[in-house]
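Welcome, and thanks for taking a look. Here is a friendly briefing, sorted by topic, to read alongside the model.

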Amino acid sequence: MGTRTFPLGASEDSLDAHLERNHTENVNMVSVKFHEPNGVLDQGHQTSSPVRRDVKRSLSGVKFLENDDMDLEDGNLEKDRNKMECSNKFIKIQNQALLSGLAYCLSSCSMILVNKFVLSGYDFNAGISLMLYQNFISIVIVSILSSMGLISREPLTWRLIKVWLPVNVIFVGMLLTSMFSLKYINVAMVTVLKNVTNVITAVGEMYLFKKHHNSRVWTALFLMIVSAVSGGITDLSFHAIGYAWQIINCFLTASYSLTLRRVMDTAKQVTKSGNLNEFSMVLLNNTLSMPLGILLIFVFNEVDYLYTTPLLRRPDFWLVTTLSGFLGMAISFTSMWFLHQTGATTYSLVGSLNKIPLSIAGIVLFKVPSSLENSASIFFGLLAGVFFARAKMWEKSRS
């Protein structure tokens with residue numbers, strides 16, 4: 001910026017006088033400029049002294065230089081300000097992605113661990129009732145947020161219910177078999193066995209949608225099968241009933257994924273907005289699961305157990321089960337948040353990597369007896385899951 005030089009040792013009065021004089025002369029120059037039609041000075045404002053004319057010219061040059069310097073500095077300040085804004089925006093985006101990723105991983109791991117604690121720690125033998133309670137909490141949360149205008153959802157119509165009902169039956173079966181298997185199998189083995197779902201889904205895509213996968217994907221799927229078989233053979237806490245429920249769960253989960261792709265297009269056509277977001281699906285699935293779940297409670301005779309169990313009279317049990325319901329809803333929110341902040345590729349890879357700390361936490365917290373062979377099989381299966389995610393990314397980039 002242009003600087004004004006003052007005599008050394010000048011007092012405040014002399015500085016003020018100097019500034020006032022410069023201001024007066026600048027005003028006179030402006031007056032002359034505005035009274036200079038066609039390049040001829042107004043006689044009433046002409047200067048009589050050549051010295052004063054030279055002084056004004058020199059001051060005018062200083063003023064113009066000063067303005068140029070000010071413009072340059074203003075431009076630099078504007079550039080610095082833009083750089084700071086971009087930097088702050090980048091940091092904010094990075095923080096949002098990191099925060100959403102941590103929230104998704106935490107809610108996903110906590111949900112499985114809390115369910116395991118309720119079913120095995122408390123020895124709660126009413127998995128259908130637990131599912132219904134969790135779904136009820138999700139319905140309440142979505143309804144409250146929708147009434148407050150914080151989220152948007154599609155209204156439930158009979159046309160939409162008819163289209164969605166087959167998917168919902170598979171959805172309920174998927175949740176129940178997951179509950180039943182988690183009661184008998186440790187968390188790490190459940191995580192590894194769930195990889196079989198990817199194998200079934202890939203085969204289903206090949207036959208139903210004529211989708212062909214590359215050799216990397218099939219290699220990863222083969223490694224998943226090997227790890228699941230070797231993990232089951234070396235599992236010291238092997239439970240045949242639990243493994244049977246988990247195999248059924250893999251088929252139902254794959255069926256849900258494959259069926260959902262076909263039903264989604266039809267469901268969008270019967271909605272008012274022509275779209276069906278995550279919150280609408282959460283409300284639709286959980287609402288439709290209520291009557292079917294109540295029917296299954298009577299079929300599996302959980303009513304008598306609920307009347308006799310002392311767990312329902314324990315406040316800590318209700319606190320933990322309510323927490324599991326909130327965590328179930330949190331997974332839906334955080335997964336959408338994380339997917340929005342990053343993308344499908346990062347979301348898929350983080351989901352695969354998230355199984356590693358989940359498996360370790362399940363073994364440590366529930367003191368699962370294990371052997372070196374079983375631990376190696378579990379670790380091998382987790383790496384196969386990561387390799388599968390990477391192979392899918394490579395396949396998607398190639399296509």
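## Briefing

Asp 123 is partly exposed, with a relative accessible area of 45%; here buried means under 20% relative accessible area, exposed over 50%, and partly exposed in between (1.4 Å probe, protein chains only). This is a predicted model, in which local features need pLDDT of at least 70 and side-chain atom pairs count only at pLDDT 80 or more, while totals for chains, interfaces and linings use all residues. Residues are numbered from 1 along each chain as its sequence is written, and side-chain values use heavy atoms, with hydrogens and water left out.

**Overall fold**

- The protein chain has 14 helices and 0 strands, where helices (H or I, at least four residues) and strands (E, at least two) are DSSP runs numbered from the N terminus.
- Its pattern along the sequence reads α-α-α-α-α-α-α-α-α-α-α-α-α-α.
- The protein chain counts 399 residues, of which 39% are buried.

**Salt bridges**

- Side chains of opposite charge can pair when their charged atoms come close.
- A salt bridge is taken as a side-chain nitrogen of Lys or Arg within 4 Å of a carboxyl oxygen of Asp or Glu, and by this rule the count comes to 3.
- Asp 123 meets Lys 183 in one of them, at 3.0 Å from N to O.
- That pair links distant parts of the chain, with Asp 123 in the loop between helix H2 (50-121) and H3, and Lys 183 in helix H4, 60 residues apart.
- Arg 314 and Asp 316 also form a salt bridge through their side chains, at 2.9 Å from N to O.
- Both partners are partly exposed: Arg 314 has a relative accessible area of 37%, and Asp 316 has 31%.
- Glu 395 pairs with Lys 392 in a salt bridge whose closest N and O atoms are 3.8 Å apart.
- These two residues, Glu 395 and Lys 392, lie in helix H14 (residues 372-398), 3 residues apart, about one turn of the helix.
- Glu 395 is buried, at 13% relative accessible area, whereas Lys 392 is partly exposed, at 23%.

- The 27 residues of H4 should span 39 Å at 1.5 Å a residue, and its end C-alpha atoms are 39 Å apart, which agrees; the expected span is 1.5 Å times one less than the number of residues.
- H4 has a kink of about 50° at Leu 165, shortly before the proline Pro 166; the bend at a residue is the angle between axes fitted to the seven residues ending there and the seven starting there.
- Helix H8 (residues 240-269) has 30 residues and reaches 44 Å from its first C-alpha to its last, close to the 44 Å expected at 1.5 Å a residue.
- A kink of about 35° in H8 is centred on Val 263.
- Val 263 is itself buried, and the buried residues of H8 also include Gly 242, Tyr 243, Gln 246, Asn 249, Leu 258, Leu 260 and Met 264.

- Gly 381 has its place in helix H14 and is buried, with a relative accessible area of 0%.
- The C-alpha atom of Gly 381 is separated by 6.8 Å from that of Ala 228, although the two residues are 153 residues apart along the chain.
- Gly 232 sits in helix H7 (residues 215-233) and is buried, with a relative accessible area of 13%.
- Between the C-alpha atoms of Gly 232 and Ser 377, 145 residues apart along the chain, the separation is 8.8 Å.

**Cysteines**

- A disulfide is a covalent bond between the sulfur atoms of two cysteines.
- With a disulfide defined as a pair of cysteine sulfur atoms within 2.5 Å, the structure holds 0 of them.
- Cys 109 is in no disulfide, and the nearest cysteine sulfur, that of Cys 105, is 6.4 Å away.
- Cys 109 is buried, with a relative accessible area of 12%, and Cys 250 is buried too, at 3%.

**A nonpolar surface patch**

- Phe 136, Val 140, Ile 144, Met 148 and Leu 150 make a nonpolar surface patch of about 480 Å².
- Patches are made of residues with over 30% relative accessible area and no salt bridge; like charges are joined within 9 Å, and nonpolar side chains (Val, Leu, Ile, Met, Phe, Trp, Tyr) within 5 Å.
- Accessible areas come from the Shrake-Rupley method with a 1.4 Å probe, and for residues only the protein chains shown count as cover.
- Met 148 lies in the loop between helix H3 (127-147) and helix H4 (158-184), and Met 148 is exposed, with a relative accessible area of 54%.
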